[in-house]
Amino acid sequence: MQSTLVRIHDLVRTFGEGETRVEAVRGLDLELARGEIVLVMGPSGSGKTTFLSMLGGLLRATSGEIWIDGTDIAALAERELPPFRARTFGFIFQDFNLLAALSARENVEVALNIAGVRGGPARERAETLGNAMGLGNRLDFPVEKLSGGEKQRVAIARAIANRPALILADEPTANLDSHHGAETMRLLRGLAKEEGTTVVIVSHDERLREIADRALWLEDGRFKTLQALVRDPTCGMLVDPAEAPASVELGGERLFFCSAGCRDEFLADNTPIGYSQGARPMGTR
Amino acid sequence: MSVPLARRQLLFRKGRALAGVAGIAAALLLVLALKAIFAGMQDRLTAYIDGSGADVIVAQRGVDTMHMTQSALPERTARAIASLPGVAEAKPILYAPTKVERGEKRGIVYLIGDESGGAPFPLAAGQRPRTGEIVLERALAERLGARVGTSVRVLGTSYRVSGEVEGLASITNSFAFVRRQELARLLGSVGVVSYVFVRAGSEIGAAELATRIEASQPGVTASTREAFARSERRVVGDMTTDIVRAMILVGFVIGVAVAGLVAYSATLSQLRDYAVLRALGLRAGRALALAVAQVGATVAAGFLLALALVFALAALLPGLTPTLVLAVRGEDVAQAIGVAGAVALAAATFPVLRVARIDPASVFRR
């Protein structure tokens with residue numbers, strides 16, 4: 001059994017006050033092992049980004065604890081967070097978020113500079129990573145001239161430049177074609193299994209379940225068991241039967257819907273989307 | 001060495017960076033050029049005093065300038081000064097600010113009446129004036145089309161232009177020379193002189209001689225040439241101070257507007273980058289320094305460009321307009337540096353405030 005890297009306890013994040021108060025994250029508990037790949041899925045507005053931001057030390061929790069390698073980042077002072085982020089996390093974004101004014105090499109190098117690695121060592125590390133990512137002859141290109149797949153490889157090289165314990169990836173395959181998406185998945189899996197880096201991926205892309213050790217469903221600010229979810233036969237969304245706003249009994253089988261509208265559409269339409277496949281439990285690969 | 005992030009970001013959009021530098025340069029050039037024009041004007045204003053060869057200038061008591069001033073001394077005072085020990089030469093002059101006309105054209109002049117007809121200033125053309133003749137400053141002669149041999153009117157009297165001298169005209173006025181007795185008749189002030197230009201003997205200093213003259217001659221003020229010129233510059237300086245201040249303020253406001261706009265738009269376009277850098281672990285202070293460095297570099301480049309341009313103007317303009325002389329002084333450059341610094345500070349305020357408010361978690365927003 002690998003050791004635990006991340007321990008999250010009763011994590012809460014609210015926005016606004018009074019009538020405008022929104023609970024984005026409601027008492028999350030989670031443990032992540034070193035070298036584990038965890039995929040977090042969920043509908044838009046479910047709290048995924050809030051969760052990722054808090055886990056990455058970018059957003060303060062309203063309450064709760066986030067222990068990373070023995071440090072409670074919720075208790076860190078504001079001035080302690082940036083250096084902690086620099087040496088602990090690697091971020092991978094859907095839009096790559098590379099600095100357009102810099103070359104591919106410099107994008108990697110700047111992350112090292114921020115962590116205190118400068119000069120020759122930083123250049124050498126950036127070059128080594130770039131070569132390992134297959135960017136050898138493109139390292140000095142402005143990032144604007146790179147393809148989507150190359151940009152993502154630069155982003156991954158930047159994310160691992162400081163040998164972080166935890167990589168947080170937000171929709172890492174969303175802007176990539178299937179070939180480059182698969183390549184990114186392979187790189188992430190390699191990082192986890194060969195380097196022992198823990199990888200948390202937030203995504204709608206179900207292909208990522210192929211490399212994930214665990215898939216979590218985040219909805220309404222809470223983790224739910226993915227196996228217990230069923231698919232809305234009208235719109236295809238995953239729905240928690242216990243909290244489904246609408247359902248119908250049909251031929252001895254109960255169907256669950258994300259909304260009354262979907263249910264009504266299903267009943268009015270003889271050929272609802274996905275109905276031919278039936279409402280099947282989800283959660284296993 | 002780290003990645004030169006500020007430089008890379010600044011030069012990434014070269015067009016915008018150049019526009020910012022050019023705008024700031026234009027604003028600072030306004031300040032520098034105006035100061036240089038006034039400095040040049042002051043230099044030209046005292047060119048007659050500086051080149052007169054006098055060590056001491058004697059005027060009516062309480063008078064130590066020529067510009068906007070009247071001075072009247074009895075001619076016998078000039079003779080008495082000439083006989084004082086330590087005086088090598090005492091040259092009385094008559095002086096009247098007036099205008100020279102030729103047809104529809106006219107020019108403001110300091111009309112000097114002396115026995116030498118404009119000496120020691122060398123003639124650029126023609127000869128010293130005799131009775132009924134006048135010597136004009138060359139720039140004025142060119143402007144009026146009054147070259148040697150033509151006629152001009154001064155104080156209602158026609159004079160033949162006998163010669164030209166150079167290097168005394170400024171953008172506000174010029175010089176003309178006639179015989180002193182002739183000017184005395186014109187002014188109806190026979191037996192009176194305006195100033196006495198005194199050259200000291202080798203055994204005495206100018207200051208000591210000035211003191212001696214004041215002690216021996218009642219009703220006079222004797223100033224060394226340097227003190228007289230300084231006083232003259234101060235008069236013009238006092239007259240132009242408000243204009244200069246107003247133009248400096250205009251330059252400052254334009255500079256702040258241009259630099260602020262460029263800096264703020266650049267910062268807005270880089271907000272995502274700042275958020276990414278903050279997410280990667282860049283401290284807030286360093287992110288602010290990054291924004292300030294870009295503004296500072298833009299303003300510094302704008303200042304250097306303005307300085308180069310004002311030196312180029314100082315070299316080129318006299319060839320095009322002889323009366324417009326630019327003198328770039330160290331103190332004026334220092335003042336422009338101060339203005340540039342203030343521009344940079346003001347222009348950096350909004351970007352700094354904006355960068356300070358950046359939420360690193362915004363990197364996850366699409």
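Visitor: Is D220(A) buried, partly exposed or exposed?
Guide: In this predicted model, D220(A) lies in the loop between β9 (214–219) and β10 (222–224) of chain A. A residue counts as buried at 20 or more other C-beta atoms within 10 Å and as exposed at 12 or fewer. D220(A) has 16 such atoms around its own, and therefore its class is partly exposed.

Visitor: What is the value of phi at D220(A)?
Guide: Most residues other than glycine have a negative phi. D220(A) is a residue other than glycine with a positive value, and its phi is near 55°.

Visitor: Is F96(A) buried or exposed?
Guide: F96(A) is found in the loop between β6 (89–92) and α3 (104–114) of chain A. Its phi is also positive, near 70°. Because 22 other C-beta atoms lie within 10 Å, F96(A) is buried.

Visitor: Which strands stand at the edges of the open sheet in chain A?
Guide: The sheet has 6 strands in the order β6-β7-β8-β3-β9-β10, with mixed pairing. Two of these strands each have a single partner, so one side of each is left without a neighbour in the sheet; they are β6 and β10 of chain A.

Visitor: How many residues of β7(A) are buried?
Guide: On one side of β7(A) are L166(A), L168(A) and D170(A), and on the other are I167(A) and A169(A); all are buried, and both faces are covered. The strand is therefore largely enclosed by the rest of the structure, the count of buried residues being 5 of the 5.

Visitor: Which residue of β8(A) does L166(A) stand opposite?
Guide: β7(A) is joined to β6(A) in parallel by 4 bridges, and F89(A) stands opposite L166(A) there. β7(A) also pairs with β8(A) in the parallel sense, over 5 bridges. In β8(A), the residue opposite L166(A) is T198(A).

Visitor: Which residue of β8(A) does L39(A) stand opposite?
Guide: Strand β3 (residues 37–41) of chain A and strand β8 (residues 198–202) of chain A run parallel and are joined by 4 bridges. In β8(A), the residue opposite L39(A) is I201(A).

Visitor: Which element gives the most to the side of chain A that touches chain B?
Guide: The contact takes 28 residues from chain A and 20 residues from chain B. On the side of chain A, α1 (48–55), α2 (81–88) and α3 each supply at least two residues. The element that gives the most, with 6 residues, is α3(A).

Visitor: Are α10(B) and α11(B) roughly parallel or roughly antiparallel?
Guide: Helix α10 (residues 284–320) and helix α11 (residues 330–356) of chain B pack at an angle of about 150°, with their axes 9 Å apart. Angles over 145 degrees count as roughly antiparallel. The two helices, α10(B) and α11(B), are therefore roughly antiparallel.

Visitor: How many nonpolar residues are in the contact of α10(B) with α11(B)?
Guide: Among the residues that meet are A284(B), L288(B) and F303(B) in α10(B), and V333(B), I337(B) and P351(B) in α11(B). The contact has 1 polar residue and no charged ones, and its nonpolar residues number 21.

Visitor: Is the crossing of α1(B) and α10(B) left-handed or right-handed?
Guide: Helix α1 (residues 5–12) of chain B packs against α10(B) at an angle of about 60°, with the axes 9 Å apart. The two helices are therefore oblique to each other. The crossing of α1(B) and α10(B) is right-handed.

Visitor: Which residue does a cis peptide bond join to A119(B)?
Guide: Most peptide bonds are trans. At this bond omega is about 10°.

Key
Residues are numbered from 1 along each chain as its sequence is written. Chains are lettered from A and ligands numbered from 1 in the order in which they are written. This is a predicted model: local features need pLDDT of at least 70, side-chain atom pairs count only at pLDDT 80 or more; totals for chains, interfaces and linings use all residues. Axes are lines fitted to C-alpha atoms, for helices over the stretch in contact, and angles run from 0 to 180 degrees between N-to-C directions. Angles under 35 degrees count as roughly parallel, over 145 as roughly antiparallel, 65 to 115 as roughly perpendicular and the rest as oblique. Two residues are in contact if their C-beta atoms, placed from the backbone, lie within 7 Å. Ala, Val, Leu, Ile, Met, Phe, Trp, Tyr, Cys and Pro count as nonpolar, Asp, Glu, Lys and Arg as charged, and the others, Gly among them, as polar. Two strands pair if DSSP finds at least two bridges between them. A crossing is left-handed if the near helix is turned anticlockwise from the far one by less than a right angle, and right-handed if clockwise.
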